[in-house]
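Hi everyone, thanks for making time. I'll walk you through one protein, residue by residue at the start, and then step back to the whole thing. Have a look at the screen.

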Amino acid sequence: MNQIVEPTGAARCQGYQLSKQRNAPDPELTQVGPGTPCGEYLRRYWHPVALAEDVGEVPYKLRILGEDVILFRERGGRYGLVHQRCPHRLASLEYGTCEDRGIRCCYHGWLFDVDGTLLETPGQPEEVGSKLRESVQLGAYPVREYKGLIFAYMGPPEKIPPFPIYDAFDIPGMTLMPYKAPFHCNWLQVLDAILDPIHTSFLHSRISRVQFTEALGELGVLGFAERGMQIVGTNTRRVNDNVWIRVNELILPNFTQAGAAFATDGTKVRYFGRSSFTRWVVPIDDENSWAIAWACFGERGDPPQWMTREGCELIEQGELFDRTYEEKQRHPGDAEATEGMGRITVHADEHLAPSDRGIAVMRQRMRKAVRDLVAGKEPPQPTAPAGQTIRSLGGDTVIHAPARKGGDDEAFLKEIGKKVLDIQMAGDARSDAERDDWVIAELKAYEKQLAVAQ
Ligand code: FES
Ligand SMILES: [Fe+2]
């Protein structure tokens, strides 16, 4: 007969002891407002802040990096991103009107250009108006629309970097669908998931339900690489006689790409398939974030039948956004996993394990960049080969490579995962026009080489 063992009093009361030892969040990486170390670090980069479709005939109020700002499109077509409050008597410009040129405050009609220049002060004596126009400035940020996303730079004007053009912005045959996903928690815990490839096997497959493909439930062999500002996590899985290498990536501070959501289950060969999304995790404030992205559809992205709003939600979080509490409990997705940690998770309370290596490295790298900036050293910008796009890697390759008889298949998978990533990285030496064909040809040659060695 099984004996029921009662926990001792001491064991039962551990909660009491542990509750007294609560640690605090990590302000160096989680605070994003103006003047905070991480907030200033993030302000050295262009970020998407909204979808073009958010901006209609009336101004659009939003909060980004802890600042309340107004995004508008003048009737002349230019976009502006300005501080919320009119410098006259602080009325909110969300009630302003978008003019042929600039935005006009609703209260007394002052008119501001997209760069914040005060253009008109109706109702004031001309000599006063001209003085005001010289001395008063509305805060404004550079902004640009690109393929349906609105990007802004909110840092010091003299430090503005070139607008980064990644390879993923223009892959032949790929259609990009803009979307955004709200997360009611700090930006860093949303970002963490990209370098946590093993959560795909648990959250998205074994625990919640099969949200993408069943084969993702296989744990696979994890790999990891760093290259400049890029941190890459790979998961190499055996699917019968195939080997499926899924590449997730972060380019610091917040550019993310991942393997396909629905494009492959590892049963068919696929050479240098590209990410299901090209995505940035953008802080709204310390306790709220957006994932703002394009979902990528086509032969090298996800299948076009998912090119709907619901499809984008599933690609982003594994589940639809708007669900009952019970549905979320029964089938949690990324939002539940990350928001459930609390508004700002406490790193000092975590117990990181080997599968969290990418997350640990990411935090170290970010902390160093934040501290360097505090010390006066500007953070690096993503770089591209001369005249070419910035190269990214997120996506999937599936090659035919049966397990070797009597061999150590885990070691074999590891070797293949590393070699495939090496080939993809070596493609950087090629021009944009040649790179993908070269990588695909090299992957096929490697597959043949493995077949000969069998
Ligand atoms: S408060 Fe804006 S014009 Fe007066
Ligand atoms: Fe996820």
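Let's begin with Ser205, which sits in helix H7, residues 199-207. Quick note on names: helices (H or I, at least four residues) and strands (E, at least two) are DSSP runs, numbered from the N terminus. Before going on, this is a predicted model, where local features need pLDDT of at least 70, side-chain atom pairs count only at pLDDT 80 or more, and totals for chains, interfaces and linings use all residues. Residues are numbered from 1 along each chain as its sequence is written, chains are lettered from A and ligands numbered from 1 in the order in which they are written, and side-chain values use heavy atoms, with hydrogens and water left out.

So, is Ser205 buried or exposed? Ser205 is buried, at a relative accessible area of 9%. Buried means under 20% relative accessible area, exposed means over 50%, and partly exposed is in between, using a 1.4 Å probe and protein chains only. The Ser205 side chain also reaches the backbone nitrogen of Gly217, at 3.2 Å. Leaving out residues up to four places away in sequence, Ser205 touches several others, including Val210, Thr213 and Leu216. Contact here means heavy atoms within 4.5 Å.

Next up is Arg246, in strand E15, residues 242-251. Arg246 is buried, with a relative accessible area of 9%. Which residue has its backbone oxygen 3.1 Å from a polar atom of the Arg246 side chain? That's Gly259. If we skip neighbours within four places in sequence, the contacts of Arg246 include Thr200, Leu216, Asn235 and Asp396.

The peptide bond from Leu252 to Pro253 is cis, with omega near 5°. You'll find Pro253 in the loop between E15 and strand E16, residues 255-257.

Then there's Leu65, which has a positive phi of about 50° although it is not a glycine. Leu65 is in the loop between strand E2 (60-64) and strand E3 (67-73), and it is buried, with 1% relative accessible area. Asn240 isn't a glycine either, and has a positive phi of about 55°. Its loop runs between strand E14 (230-239) and E15. Asn240, though, counts as exposed, at 62% relative accessibility.

One more residue: Gly340, in the loop between helix H10 (334-339) and helix H11 (357-374). Gly340 is exposed, with a relative accessible area of 63%. From Gly340 to Gly311 is 29 residues in sequence, and 23 Å in space, C-alpha to C-alpha.

Okay, zooming out. How many helices and strands does the protein have? There are 13 helices and 20 strands. The radius of gyration is 25 Å, close to the 22 Å that the globule rule gives for 454 residues, so the protein is as compact as a globular protein of that length. That radius is taken over C-alpha atoms, and the rule is 2.2 Å times the number of residues to the power 0.38. Along the principal axes, the C-alpha atoms fill a box of roughly 90 × 70 × 45 Å.

Of the 454 residues, 53% are buried. And if you take contacts between residues at least 6 apart in sequence, 63% of them join residues at least 24 apart.

Note on methods:
A polar contact is a pair of N or O atoms within 3.5 Å; within protein, one must be able to donate a hydrogen and the other to accept it, and residues adjacent in sequence count only if both atoms are side-chain atoms.
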